[in-house]
Amino acid sequence: MKACCDIFCRVIDNYGDIGIAWRLAKQLAVEHSYEVRLWVDNAHAFKRMRQEINVQLDQQWQEGVQVCHWRTDWPQTESADVVIAAFSCQLPLNYMEAMAARERTPLWINLDYLSAEDWVTGCNRLPSVKFKSVQKYFFFPGFRLGTGGLLREVGLLAQRQAFQQEVAVQRQFLQSVGVIPIADARLISLFAYENANLASWLDILAMDRHVTHLLVPYDCIISDVQHWLEVTSLAVGDMHQRNALTVQVLPFMRQEQYDHLLWCCDFNVVRGEDSFVRAQWAGRPLLWHIYHQDKNIHLDKLNAFLELYTTTLSQAAKTAVVALWQAWNTDGDMMQTWKMLLEHWQEVSLHSQKWCLEQSLQADLATSLVKFYESWI
Ligand code: TRH
């Protein structure tokens with residue numbers, strides 16, 4: 001059934017809000033033939049991951065999605081059949097009035113943040129508040145059965161597997177972003193928030209017998225890298241070697257290219273929500289820098305994910321993964337925990353492939369939303 005859908009996205013900070021809203025919008029349009037409008041209040045972050053975006057325009061078409069500037073002076077607009085408020089954003093009052101005025105009330109979804117905590121399963125699809133006759137529902141992405149699942153495009157894993165089997169294709173991609181991998185080096189990507197613990201991890205990589213080629217898309221972690229390298233500036237394309245470690249600064253790339261980078265690397269350091277999920281689809285070992293929340297509540301989320309993710313690992317490998325992730329997120333000892341991880345590298349690598357396959361058995365988030373709508377009408 002061809003439905004129309006409005007997705008509302010307020011960019012609070014960084015790239016995750018729009019990164020996720022954009023993926024969902026594209027999937028609903030391309031894979032489910034929905035007519036999608038994506039309302040975004042600030043398109044600058046969007047433009048960094050998709051250069052075709054013109055930040056001056058009030059509306060523009062991108063891959064079958066109508067991207068609209070969500071202005072403070074809201075234009076009178078009819079409401080769609082499905083209305084998605086990304087990350088609990090507040091809709092314009094006039095728009096809510098338009099929802100209530102519809103002959104057939106729309107399905108109003110509050111798309112929440114990703115969490116592996118078990119309460120999420122019980123809350124997914126529960127009714128939330130009402131505006132006049134219009135009921136809002138919670139929708140939770142997640143890793144467990146009963147949640148809304150994760151964003152995953154049709155054919156993503158097949159594409160990734162084909163890419164990872166073709167060394168020439170990987171080389172071609174890496175070259176396109178200025179990377180010629182150092183022979184026999186461990187290739188690692190680094191996308192993280194500022195982290196005081198970075199220095200000790202870079203120290204141990206530099207001291208290692210095994211060579212590392214570290215690829216850093218240009219973003220906020222660059223200042224910590226610069227500090228460690230003791231250089232006055234770092235720009236895209238710069239390369240610095242410290243013993244066994246070569247650090248290379250990459251451009252902040254298109255979303256599709258970033259996927260390819262994750263697929264090329266032996267280990268990916270990721271953050272927030274979307275890069276975290278994409279690294280799981282890469283089927284390679286990862287380290288998550290979780291988004292910091294007041295009163296350390298993010299640590300509950302971190303531990304919930306670790307509990308789930310490491311269930312089928314041996315006790316020793318589990319201890320290593322948990323120790324490393326906790327060290328990275330809580331100022332722990334990166335040197336000792338990195339060494340521990342290296343001792344279980346093979347098991348952890350195989351596990352990341354298995355985890356990816358297990359997660360892909362769940363319906364993806366866009367499909368879960370469509371099914372919810374179909375069962376609701
Ligand atoms: O940018 P983030 O820190 O976003 C965060 C989180 O979503 C967090 O949960 C939320 O509360 C906060 O925003 C407001 O990290 P995230 O989620 O990984 O999003 C990064 C996006 O940027 C993702 O879509 C991938 C994309 N990206 C590129 O397109 N090109 C790049 O070169 C890189 C490094 C990332």
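This is a predicted model: local features need pLDDT of at least 70, side-chain atom pairs count only at pLDDT 80 or more; totals for chains, interfaces and linings use all residues.

User: What is a salt bridge, and how many does a search of the whole structure find?

Analyst: The term denotes a side-chain nitrogen of Lys or Arg within 4 Å of a carboxyl oxygen of Asp or Glu. A search of the whole structure finds 18 salt bridges.

User: Which residue forms a salt bridge with Glu 153?

Analyst: Arg 23 does, with the closest N and O atoms 3.5 Å apart. Glu 153 lies in the loop between strand E8 (134–139) and helix H5 (156–165), and Arg 23 in helix H1 (residues 16–32), so the pair ties together parts 130 residues apart in sequence. Helices (H or I, at least four residues) and strands (E, at least two) are DSSP runs, numbered from the N terminus.

User: Where does Asp 274 lie, and is Asp 274 buried or exposed?

Analyst: Asp 274 belongs to helix H10 (residues 274–281). Buried means under 20% relative accessible area, exposed over 50%, and partly exposed in between (1.4 Å probe, protein chains only). Asp 274 has 12% relative accessibility and therefore counts as buried. The side chain of Asp 274 meets that of Arg 23 in a salt bridge (2.9 Å, N to O).

User: Which residues are linked in a network of salt bridges?

Analyst: The network links Arg 23, Glu 153, Asp 259, Asp 274 and Arg 278.

Note on methods. Residues are numbered from 1 along each chain as its sequence is written. Side-chain values use heavy atoms; hydrogens and water are left out.
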